[in-house]
Amino acid sequence: MGGSRHRAGPLRIVFVEAPGRHAPGGFPMGSGDVGYVRGASLNLHEPGAVRALLDAASARGWQPGERQAAEADGWPLIEEAAAARARNGGLAGP
């Protein structure tokens, strides 16, 4: 195995349940559903949903080339990610 490979640190996107919000696994929602009770939502199991969150995090300054792990609050990202998915017809990005 030649050469050194740069390995990006992971990004953990966290959705903490709070009034007016639903996080994965909460009844009656599905295991991947996250969103606002009256507003944007995503199903994290759908193709492209997590990619849209990563793109939103990147637009807000997260750099996938960083070597250390990072954690981001998912709530500020969800509206931007849901809007991007709607613009793309729910399809994954590049």
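User: Which residue in β3 is the bridge partner of R21?

Analyst: Quick note before that: this is a predicted model, where local features need pLDDT of at least 70, side-chain atom pairs count only at pLDDT 80 or more, and totals for chains, interfaces and linings use all residues. Residues are numbered from 1 along each chain as its sequence is written, and side-chain values use heavy atoms, with hydrogens and water left out. Helices (H or I, at least four residues) and strands (E, at least two) are DSSP runs, numbered from the N terminus, and two strands pair if DSSP finds at least two bridges between them. β2 and β3 run antiparallel, joined by 2 bridges, and in β3 the partner of R21 is Y36.

User: Which strands stand at the edges of that sheet?

Analyst: It's an open sheet of 3 strands with antiparallel pairing, in the order β2-β3-β4. Each edge strand has a single partner, so one side of it is left without a neighbour in the sheet; the two are β2 (21–22) and β4 (41–43).

User: How many bridges pair β3 with β4?

Analyst: These two form a hairpin with 4 residues between them. Across the pairing, D33 sits opposite N43, while G35 faces S41. Strand β3 (residues 33–36) pairs with β4 in the antiparallel sense, and the count of bridges is 3.

User: At about what angle does α2 run to β3?

Analyst: Axes here are lines fitted to C-alpha atoms, for helices over the stretch in contact, and angles run from 0 to 180 degrees between N-to-C directions. Contact means heavy atoms within 4.5 Å. Helix α2 (residues 75–87) lies across β2, β3 and β4, and its angle to β3 is about 105°.

User: What do we call the orientation of α1 and α2 to each other?

Analyst: Their axes come within 8 Å and cross at roughly 125°. The contact involves, among others, A52, L53 and A56 of α1 and L77, I78 and A81 of α2. Angles under 35 degrees count as roughly parallel, over 145 as roughly antiparallel, 65 to 115 as roughly perpendicular and the rest as oblique. So α1 and α2 are oblique.

User: Is R60 buried or exposed?

Analyst: R60 lies in the loop between α1 (49–59) and β5 (70–73). Buried means under 20% relative accessible area, exposed over 50%, partly exposed in between (1.4 Å probe, protein chains only). With a relative accessible area of 53%, R60 is exposed.

User: Which residues is R60 in contact with, leaving aside its neighbours within four places in sequence?

Analyst: The side chain of R60 reaches the backbone oxygen of P76 at 3.0 Å. The C-alpha atoms of R60 and P76 are separated by 9.7 Å, with the two residues 16 apart along the chain. Contacts of R60 beyond those neighbours are P76, L77 and E80.

Key:
A polar contact is a pair of N or O atoms within 3.5 Å; within protein, one must be able to donate a hydrogen and the other to accept it, and residues adjacent in sequence count only if both atoms are side-chain atoms.
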